[in-house]
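Let's take a friendly walk through this model together, from its ligands to its core and a few residues worth a look. Please keep the structure open as you read.

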Amino acid sequence: MRIAVLGAGTWGSALTILLNNNGHELTLWTAVEKEYKELSATRIVKNLKGIKLADNIKITNDIKEACKDKDLIVFAVASPYVRMTARKAAPYIDRKIPVVNVAKGIEEDTLMTLTEIIESEFEAENGDKGTVTVLSGPSHAEEVSVGMPTTAVVGAKSREIACMIQDAFMSDRFRVYTSPDIIGIELGGSLKNVIALAAGVIDGLGLGDNAKAALITRGISEIGRLGMKLGGRLETFAGLSGIGDLIVTCCSTHSRNHNAGYLMGKGKTMDEAMAEVGQVVEGVYSAKAASKLAKANNIDMPIVEQMNKVLFENKKAEDALNELLLRDKKDEHSGFDWDE
Ligand SMILES: NC(=O)C1=CN([C@@H]2O[C@H](COP(=O)(O)OP(=O)(O)OC[C@H]3O[C@@H](n4cnc5c(N)ncnc54)[C@H](OP(=O)(O)O)[C@@H]3O)[C@@H](O)[C@H]2O)C=CC1
Ligand SMILES: O=C(CO)COP(=O)(O)O
């Protein structure tokens, strides 16, 4: 297949390597002129230490050249750039070919997911939303790029398209499942970043493994409550793009969200932590959107609420934690049948 990957960041580059190793013909588009010049000259991926792109991978910063005559387009730019990239690419993308979004986020102003944003930009350009899908799961680029094994799930409206994308990405080191639950996959992938920030805070404060396991468990409970209200399926939140991605992001040293939270737990401000991490920290962008969605849908998301206060209201992480622990007593889940 002829495949374009839009976004030559850590994840876009790792997937380019995976797809190239699978025998496809790859074009990697970089948005930023300076990045394009550097990458073209060295072929070294900045944040994947020592990894070089193979000579047969075409690198471009011309969006038309990237998108025309392709069989598959992968959207891998960070969430704040998805709308502008979709707008730029829209005139050159054949609406019949599948587009796979692999970024994780929710737009703060509109509360749209990233596939919804791409569809809306495509529709605005020529009235056709196109064939937009999602791929997500526990998949840090640092491991995928060197062939360490993992699994992911592709979400698409039709089984035929899902299977086509499954075939394109699947390798003996990257196992891909299929699902029709696009909204569930996208919400799991973006909301887990907010919980991962909180997991980093817990580690930064030195609160131990029990506290983190508790946070992960109550975190997926929050994600599932909101996600199901918005149309996602329980099984998706219990799956690879839900609990699977939440666990790895809360526990991996590769996670930018966890690392940013860790620095905040050590007393840094959000801006200092983001600057020190030096790559996109998606949870910071998704936190406000998650809180707005929770309020609009009348869903209780106490971890998300406290994380927003730590991020944007200078609340001390210790105070946020105390407030979580001292909430009103309640059942573990709502709707239990008790023998009275
Ligand atoms: N890193 C990982 O392990 C994983 C990341 N993801 C998700 O993938 C997405 C990208 O993350 P990642 O690659 O790690 O991020 P990086 O910080 O490594 O890269 C940032 C990305 O944003 C793009 N970008 C920056 N400025 C602009 C701009 N002005 N216009 C358009 N694009 C721009 C960059 O484009 P360019 O380099 O082309 O200039 C690059 O693709 C995120 O949503 C993340 O959550 C998902 C799974 C794994
Ligand atoms: O989504 C990811 C892994 O699946 C990447 O998480 P971070 O953005 O926290 O590094």
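## Ligand 1

Ligand 1 lies between domain 1 (2-180) and domain 2 (184-325), because both domains give residues to the shell around it. Keep in mind as you look that this is a predicted model.

How many residues surround ligand 1? There are 27, and the closest are Gly7, Gly9, Ala31, Tyr81 and Ala103. By class, the shell around ligand 1 holds twelve nonpolar, twelve polar and three charged residues. Helix H1 (residues 10-21) gives the most to this shell, with three residues.

## Ligand 2

Let's turn to the second ligand. Domain 1 and domain 2 both give residues to the shell around ligand 2, so ligand 2 also lies between them. Around ligand 2 there are 14 residues, of which Ser139, Thr249, Ser255, Arg256 and Asn257 come nearest.

H8, H11 and H12 each supply at least two residues of the shell around ligand 2, and the largest share, three residues, comes from H11. The shell around ligand 2 is made up of three nonpolar, seven polar and four charged residues.

## Annotated binding-site positions

The unreviewed UniProt entry places the feature "binding site" at Lys104, Gly137, Ser139, Lys192, Asp245, Ser255, Arg256 and Asn257.

Asp245 is found in helix H11 (residues 240-251). Is Asp245 buried or exposed? Asp245 is buried, because 27 other C-beta atoms lie within 10 Å. Leaving out residues up to four places away in sequence, Asp245 touches Ser136, Gly137, Pro138, Gly188, Gly189, Lys192 and Leu240.

Ser255 sits in the loop between H11 and helix H12 (256-265). Ser255 counts as buried because it has 24 C-beta neighbours inside 10 Å. Not counting residues up to four places away in sequence, Ser255 touches Ala196 and Thr249. Both Thr249 and Ser255 are listed with the residues that come nearest to ligand 2.

The protein chain is divided into domain 1 (2-180) and domain 2 (184-325). The centres of the two domains, taken over C-alpha atoms, are separated by 25 Å. Their contact takes 26 residues from domain 1 and 25 residues from domain 2.

On the side of domain 1 that touches domain 2, helix H5 (114-126), strand E6 (131-136), strand E7 (150-155) and strand E8 (174-179) each supply at least two residues. The largest share of that side, four residues, comes from E7. By class, the side of domain 1 that touches domain 2 has ten nonpolar, twelve polar and four charged residues.

Which residues does Leu114 contact, leaving aside its neighbours within four places in sequence? They are Ser79, Val82, Asn101, Ala103, Gly105 and Glu186. Of these, Ala103 is listed with the closest residues around ligand 1. Leu114 and Cys250 are 136 residues apart in sequence, and their C-alpha atoms are 22 Å apart in space.

## The largest nonpolar core

In soluble globular proteins, nonpolar side chains tend to be buried together. Here, the largest nonpolar core has 103 residues, and Leu6, Val74 and Phe75 touch the most other members. Helix H8 (residues 182-205) provides the largest share of this core, twelve residues. The core draws at least three residues from each of domain 1 and domain 2.

Leaving aside its neighbours within four places in sequence, Val74 is in contact with Ile3, Val5, Leu6, Leu15, Val100 and Val102.

## Two loop residues with positive phi

Arg43 has a positive phi of about 60 degrees although it is not a glycine. Arg43 lies in the loop between helix H2 (33-42) and strand E3 (58-60), and it counts as partly exposed because it has 14 C-beta neighbours inside 10 Å.

Asn314 has a phi near 55 degrees, again a positive value in a residue other than glycine. Asn314 is placed in the loop between helix H15 (302-312) and helix H16 (317-325). With 9 C-beta neighbours inside 10 Å, Asn314 counts as exposed.

Technical notes:
Residues numbered from 1 in each chain as written. Chains lettered and ligands numbered in written order. Predicted model: local features only at pLDDT ≥ 70, side-chain atom pairs only at ≥ 80, totals over all residues. UniProt positions renumbered as here; feature names shortened; annotations may be inferred. Buried ≥ 20, exposed ≤ 12 C-beta atoms within 10 Å, placed from the backbone. Contact = placed C-beta atoms within 7 Å. Near = placed C-beta within 6 Å. Nonpolar A, V, L, I, M, F, W, Y, C, P; charged D, E, K, R; others polar. Domains from an automatic or database assignment. Core = buried A, V, L, I, M, F, W, Y, C linked by C-beta atoms within 7 Å.
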